[in-house]
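Let's take a walk through this protein model, one piece at a time. Keep the picture open while you read.

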Amino acid sequence: MHITVCYASETGTAEDVAFKIVARAELLRLDVEVVSIDEFNIESLPSEQMIVFVCSTTGDGEIPSSMRAFWKFILR
């Protein structure tokens, strides 16, 4: 099974967590990749076997700017 870890972060916190998840998964010899949400192909979402989203908010709970297009897609 392939696992995609997708992160959205303004300050790097969610990115750090995403890479920790990937490192742990690799120790378990899992097929895993990490990608920033703004580089993730939204159209491929239905075909993903397993996906883990890691997102940290900024300011007063606002979503990271790299996540805006993805969030609009999800809300459709």
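Phenylalanine 53 has a relative accessibility of 40%, so it counts as partly exposed. That label comes from a simple scale: buried means under 20% relative accessible area, exposed means over 50%, and partly exposed is in between, with a 1.4 Å probe and protein chains only. Before going on, note that this is a predicted model, in which local features need pLDDT of at least 70, side-chain atom pairs count only at pLDDT 80 or more, and totals for chains, interfaces and linings use all residues. Residues are numbered from 1 along each chain as its sequence is written, and side-chain values use heavy atoms, with hydrogens and water left out.

**The ring cluster**

What does phenylalanine 53 link up with? Ring pairs join Phe40, Phe53 and Phe70 into a cluster. Rings of Phe, Tyr and Trp (its six-membered ring) pair if their centres lie within 6.5 Å; planes under 30 degrees apart are stacked, over 60 edge-to-face, and the rest tilted. The structure holds three aromatic pairs, and here are two of them:

| Pair | Centre distance | Plane angle | Kind |
|---|---|---|---|
| Phenylalanine 40 and phenylalanine 70 | 6.4 Å | 70 degrees | edge-to-face |
| Phenylalanine 53 and phenylalanine 70 | 5.2 Å | 40 degrees | tilted |

Where do these rings sit along the chain? Phenylalanine 40 is in the loop between S2 and S3, while phenylalanine 70 belongs to helix H2 (residues 68-75), so their pair ties together parts that are 30 residues apart in sequence. Phenylalanine 53 is in strand S3, and its pair with phenylalanine 70 in helix H2 links parts of the chain that are 17 residues apart. Helices (H or I, at least four residues) and strands (E, at least two) are DSSP runs, numbered from the N terminus.

Now for the strands. Three of them form an open sheet in the order S2-S1-S3, with parallel pairing. Two strands pair if DSSP finds at least two bridges between them. From one strand to the next, the twist averages 20 degrees. Axes are lines fitted to C-alpha atoms, for helices over the stretch in contact, and angles run from 0 to 180 degrees between N-to-C directions.

How many bridges join S1 to S3? Six bridges connect strand S1 (residues 2-8) with S3. Phenylalanine 53 turns up again here, as the bridge partner of cysteine 6, and valine 5 stands opposite valine 52 in S3. On the S2 side, six bridges join S1 to S2, and tyrosine 7 has serine 36 as its bridge partner in S2.

S1, H1 and S2 make a right-handed β-α-β unit. A crossover is right-handed if, with the strands pointing away from the viewer, the path from the first strand over the helix to the second runs clockwise.

The largest nonpolar core has nine residues in all: Ile3, Val5, Tyr7, Ala14, Ala18, Val22, Ala25, Val32 and Val54. H1 gives the most to this core, with four residues. A nonpolar core is a set of buried Ala, Val, Leu, Ile, Met, Phe, Trp, Tyr and Cys residues joined through side-chain atoms within 4.5 Å.

Take valine 22 as an example: leaving aside its neighbours within four places in sequence, valine 22 is in contact with Val5, Val32, Glu33 and Val34. Contact means heavy atoms within 4.5 Å. A second, separate core of eight residues includes Cys6, Val35, Ile37 and Phe40.

**Out in the loops**

Arginine 29 has its place in the loop between H1 and S2, and at 77% relative accessibility it counts as exposed. Its phi is near 60 degrees, a positive value in a residue other than glycine.

Glutamate 39 lies in the loop between S2 and S3 and is exposed, with a relative accessible area of 62%. Glutamate 39 and tyrosine 7 are 32 residues apart in sequence, and in space they are 9.8 Å apart, C-alpha to C-alpha.
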